[in-house]
Amino acid sequence: MYEIFKPAKEGEKGARMVLVEGNPGIGKTTFCLKFASDWAKKVVPVEFHFPVFQLLFFLKCCDIHKDTKDIVQAIEEQLLHDDMNNKKRFMNYIRDERNQDKILLILDGLDELPEASGKVVDRLFKRKVFSRCFILATSREENGIDVRRRYDFDTLLQIKGFTSKDARVYIRKHFNSVDPQNLSKGERLIQAVEKDLYLAVLRNNPLNLLLLCVVFEDFEGELPSNRTKLYQIIFRCLLRRYCSRNGLDVHRNADKTLENQFKESILVLGELAWKCLLEDRRSFSEEELDNIIDLCGEITSYGETALQKLVQGSPEHSISVHLNGVSKDRYLSGFDTLTNFSPPSASLLADGKTATHDEVIALLSCASSTTFNLTVNDHADMPGEWARGVAKGLANSRSLTTFSLTLNNLTDKGAEWAFYMSEGLPKCASLTTFSITVNNHIDERADWAVYMSEGLPYCASLTTFSLTVNNHTDEGANWACYISEGLPHCASLTTFSLTVNNHTDEGANWACYMSEGLPHCASLTTFSLTVNNHTDEGANWARYMSEGLPHGASLTTFSLIVNNHTDEGANWACYMGGGLPYSASLTTFILTVNNHTDEGANWARYMSGGLPKCASLTTFSLTVNNHTDKRAYWADYMSVGLPKCASLTTFSLTVNNYADAMESWAEGISEGLANSSSLATFSLTVNNHADMMGNWVRDISNGLQKNGSLTTIRVAFSLYGVHKIH
């Protein structure tokens, strides 16, 4: 912890601004207090790269009120006594830029900073004041994301919380301190937490773990399965303890009765809390409580004002109730949860089953989870909120290797979901494969791709990235521009799979951008492309790709699936057949053709002309789904090209025949096989829907008999409506 200001590399300047993020109760304030305490006691180990500070100021952001003009005034208000000697001289000292190298400012709880006080930290973080001092700030993750957008922090630290081992130690220490004679309680709680997937998610947070221990003290039975239920049980525990201290009898299992007893008092507290939040305050005094009770009338329970007694202080001390970590949004969110009037939210499917937010986070965080599939239908009033939780789950995961996400985006115009995902993915250190399908109906600027391109390069373990884009709104293909800029920075990426369902981009701008970016992916060895072309009649996508791929020096395998609905002249094959010979590193080419328009099989003519020029090609796999070529011209063209492929040793052919009733395809392929002198392995799969005679077997056999180089032959077939095979 003492090395947070240490330079990232030897010779570089050390960090000046550090941001510490973490969930509520994870230990951010404790981290800072430990810092301040060790500094004050002068016990920071000398071997750490910890700057020597003359002054350290610990400021609570929630106490920087709207009338505070600057950070100096905040220091004066929170830390200095009114009767301090030489105060003016001291204030001038800290304002002097020459002394600020030896000052550390700790700002705890940026997420609790009143909106009206934003200007104070804004000037500080933009280095307009205290430009040379060191800064350590803390924030919840959701607020920290916005802070990092606006300010340039040198170092980001994220507190992850307890490991399972830490949690066991903590539980044992807790029960050892409260009940040394009954340590078995702690062991039973440890077992319960380790067996329950959802409780395991709670244990990494020190505050939640403490609450679990308290609950287990009072209820040695069913434990809560998520944080909301945990807080509800804790609330009831507090009420029961209050009743116990004051001799009030409440049935142990009568939760509803217990809540009704204090209902009016709780509503008054809630009203006062809401009033404070509307005024951008995080606390209220005992005097304010008295005033609101007077306005509401006497609220009694068991013959006295229960609310007053709940928060009452001693006669010589005043009480101030703080709403730590609470905002208007969080207040309303909690109200919605408790009253079951939640606004519409994203629906989540985890591995095909409907799941809640907490369940998704728990499944992602589960130690045994290696593969996770998530489908999100985002039509929420607060779009992108689901991704915040998923990002946290990813960050907590220690075993996840494969993550698949399908998103149907209907409301999130600014792609908040992608921002959170780009933050969470790099924190999942075990992740090797990430697959994402984006059905974009509303994000016209493709902000989702901006965030993804920024996050993916930081996924140090990622080797395989699969992207499917169903583009309905982004006519300029901005998504491809951003993704192509990010991919070259993914140093570990070896496999990239791209599926494009193009409904709007008539000029195929997506392919232009991709063809420019892919050659710069130095580690990429395999590229798989699926094109469902509905608008690009001139096959511009193939022109751009054929120009870019030859510059990919590391590319050894190229897989292409073409679903051709518009390109009657098979221009795509003309471009690809002309470009592939220039890919000097390419050894494997996998082609799948779903032909719906090209009756003359021009695609095969162009391919058969280009493939023989691919000097490095050793393996060619071809799948033909023939819906229009009744004479099987494609096979005739291939029979001419195959024998000319001097480097080709392996040929794999899959034929899904829907149109060639005369089995002409087999005659053509047979002729090609007979004349192929370099071919060692031939694999054939036939799914025959049109050939009623079954003579294809005879024709293929004739070709194989005439081939003198083949050493391995594999044949598989499925026959539909065939009466016999000759």
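Start with helix H18, which contributes the most residues to the lining of the second largest pocket, namely 3. Helices (H or I, at least four residues) and strands (E, at least two) are DSSP runs, numbered from the N terminus. The model is predicted: local features need pLDDT of at least 70, side-chain atom pairs count only at pLDDT 80 or more, and totals for chains, interfaces and linings use all residues. Residues are numbered from 1 along each chain as its sequence is written, and side-chain values use heavy atoms, with hydrogens and water left out.

**Stop 1: the second largest pocket**

The volume of the second largest pocket is about 580 Å³. Select Arg148, Leu156, Glu423, Glu454 and Tyr458: of the 13 lining residues, these are the closest to the centre of this pocket. Then colour strand E5 (155-158), helix H18 (416-424) and helix H19 (447-455), the elements that give two or more residues to the lining of the second largest pocket. On a 1 Å grid over the protein atoms alone, a pocket is an open set of points with protein on both sides within 12 Å along at least five of seven lines, whereas a cavity is a set where a 1.4 Å probe fits but cannot get out; lining residues have an atom within 4 Å of a point. Grid points are joined across faces, edges and corners, and a volume is the space filled by probe spheres set on the points.

The domain bounds come from an automatic or database domain assignment.

**Stop 2: the largest cavity**

There are 5 cavities of 30 Å³ or more, and the largest has a volume of about 90 Å³. Select Glu141, Ile145, Ala391, Glu423 and Lys427, the closest to the centre of the largest cavity among its 14 lining residues. Helix H5 (141-150), helix H17 (385-396) and H18 each give two or more residues to that lining. By class, the lining of the largest cavity holds 4 nonpolar, 2 polar and 8 charged residues. Domain 1 (17-158) and domain 3 (365-719) both contribute to the lining of the largest cavity, so this cavity lies between them.

**Stop 3: alanine 418**

Stay on helix H18 and select alanine 418. Buried or exposed? Alanine 418 is buried, because its relative accessibility is 0%; buried means under 20% relative accessible area, exposed over 50%, and partly exposed in between (1.4 Å probe, protein chains only). Leaving aside neighbours within four places in sequence, alanine 418 is in contact (heavy atoms within 4.5 Å) with Trp448, Tyr451 and Met452. A distance drawn between the C-alpha atoms of alanine 418 and serine 453, 35 residues apart along the chain, reads 9.9 Å.

**Stop 4**

Go to serine 404 in strand E11 (residues 402-409). Serine 404 has 18% relative accessibility and therefore counts as buried. Residues up to four places away in sequence aside, serine 404 touches Phe372, Asn373, Leu374 and Ser435.

Next, select arginine 236 in helix H10 (residues 227-245). Arginine 236 is also buried, with a relative accessible area of 17%. The C-alpha atoms of arginine 236 and leucine 258, 22 residues apart along the chain, are separated by 7.5 Å.

**Stop 5: two loop residues with positive phi**

Most residues other than glycine have a negative phi. Asparagine 86 has a positive phi, near 55 degrees. Find asparagine 86 in the loop between helix H2 (71-79) and helix H3 (87-95); at 55% relative accessibility it counts as exposed.

Arginine 127 has a phi near 60 degrees, also positive. Select arginine 127 in the loop between helix H4 (118-125) and strand E4 (134-139). With 22% relative accessibility, arginine 127 counts as partly exposed.

**Stop 6**

Show Trp479, Trp510, Trp572, Trp603 and Trp634, the residues with the most contacts inside the largest nonpolar core, which has 109 residues. A second, separate core has 32 residues, including Val72, Ile75, Leu105 and Val121. A nonpolar core is a set of buried Ala, Val, Leu, Ile, Met, Phe, Trp, Tyr and Cys residues joined through side-chain atoms within 4.5 Å.

Finally, zoom out. The chain has 27 helices and 21 strands, and 50% of its 726 residues are buried. Of the contacts in the chain with a separation of 6 or more, 78% join residues 24 or more positions apart.

Notes
Nonpolar A, V, L, I, M, F, W, Y, C, P; charged D, E, K, R; others polar.
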